[in-house]
Amino acid sequence: MLSPQEDQEAKRFDQPAPDKGALYVYRTGWMASARAIDVAIVGGATAELATNTYLRLEGPPGSVEIDCKIGDKTDAGQVQITDGQTRYVEVSVKIGLWTPGCQVTEVSPDQGQAAVLASRRVAVQ
């Protein structure tokens, strides 16, 4: 986890610099809460999202691929971020026949901000 100050800074939802975009990736809910979901932003950052945690990244605008993995099950999603724009993505547990999997879904700013406000920020590797 990051410091409470870093968590609160991200919860201000400041607009990124004009030549950058921001991405929040979060996980809510209690389904399979004992297992973290591994999240990777293709070409860079990785993190483990436990229940009610999130990450914030800033970077150049363009297409961003978000991969998730829980056990041997994977999923991926892609969002397009433009200059000064912020996007929100939920990573959730999906019930499988024998083992849980994960799912990547882009959500509205209202839904994403509400989830982030109820979560804790994690460090990105």
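**Pocket first, then the rest**

Modeller: The largest pocket holds about 190 Å³ of space. Keep in mind that this is a predicted model.

Biologist: Which residues are closest to the centre of the largest pocket?

Modeller: Ile41, Glu58, Gly59, Pro60 and Val64 are the closest to its centre, out of 13 residues that line the largest pocket.

Biologist: And which elements give two or more residues to the lining?

Modeller: Those are β1 (21-27), β4 (53-59) and β5 (62-70).

Biologist: How many nonpolar, polar and charged residues are in the lining of the largest pocket?

Modeller: By class, 8 are nonpolar, 4 are polar and 1 is charged.

Biologist: OK, switching topic. What's the disulfide count?

Modeller: The count is 1 disulfide. Cys68 is joined to Cys102, with the sulfurs 2.1 Å apart.

Biologist: Is the link of Cys68 and Cys102 right-handed or left-handed?

Modeller: Right-handed, with 100° about the S-S bond.

Biologist: And are Cys68 and Cys102 buried or exposed?

Modeller: Both Cys68 and Cys102 are buried.

Biologist: How far apart are Val104 and Ile66 in sequence and in space?

Modeller: They're 38 residues apart in sequence, and 7.3 Å apart in space, C-alpha to C-alpha.

Biologist: Why does Val104 get called buried?

Modeller: Because its relative accessible area is 12%, and buried means under 20%.

Biologist: Next one: where does Arg87 lie?

Modeller: Arg87 lies in strand β7 (residues 86-94). Its side chain makes a polar contact with the side chain of Gln85, at 3.3 Å.

Biologist: What else does Arg87 touch, not counting residues up to four places away in sequence?

Modeller: Ala22, Leu23, Tyr24, Gln80, Ile81 and Glu106.

Biologist: Now the backbone. What's the phi of Phe13?

Modeller: Phe13 has a positive phi of about 55°, although it is not a glycine. Phe13 is in the loop between α1 (4-10) and β1, and this residue is buried, with a relative accessible area of 18%.

Biologist: And what about the phi of Asn52?

Modeller: Asn52 has a positive phi too, about 60°, and it is not a glycine. Asn52 is found in the loop between β3 (46-49) and β4.

Biologist: Is Asn52 buried or exposed?

Modeller: Buried, because the relative accessible area of Asn52 is 18% and the cut-off for buried is under 20%.

Biologist: Last stop, where is Gln125 found?

Modeller: Gln125 is in the segment after β9 (120-121). Gln125 is exposed because its relative accessible area is 66%, and exposed means over 50%.

Biologist: What is Gln125 in contact with, leaving aside its neighbours within four places in sequence?

Modeller: Gly44, Ala45 and Thr46. Gln125 and Ala47 are 78 residues apart in sequence, yet their C-alpha atoms are 6.1 Å apart in space.

Definitions and conventions
Residues numbered from 1 in each chain as written. Predicted model: local features only at pLDDT ≥ 70, side-chain atom pairs only at ≥ 80, totals over all residues. Heavy atoms only, no water. 1 Å grid on protein atoms, 1.4 Å probe; cavity = no way out; pocket = protein on both sides within 12 Å on 5 of 7 lines; lining within 4 Å. Points joined across faces, edges and corners; volume = space filled by probe spheres on them. Helix = DSSP H or I, 4+ residues; strand = E, 2+ residues; numbered from the N terminus. Nonpolar A, V, L, I, M, F, W, Y, C, P; charged D, E, K, R; others polar. Disulfide = S-S within 2.5 Å. Buried < 20%, exposed > 50% of the residue type's maximum accessible area, 1.4 Å probe, protein only. Polar contact = N/O pair within 3.5 Å; in protein donor to acceptor, adjacent residues only side chain to side chain. Contact = heavy atoms within 4.5 Å.
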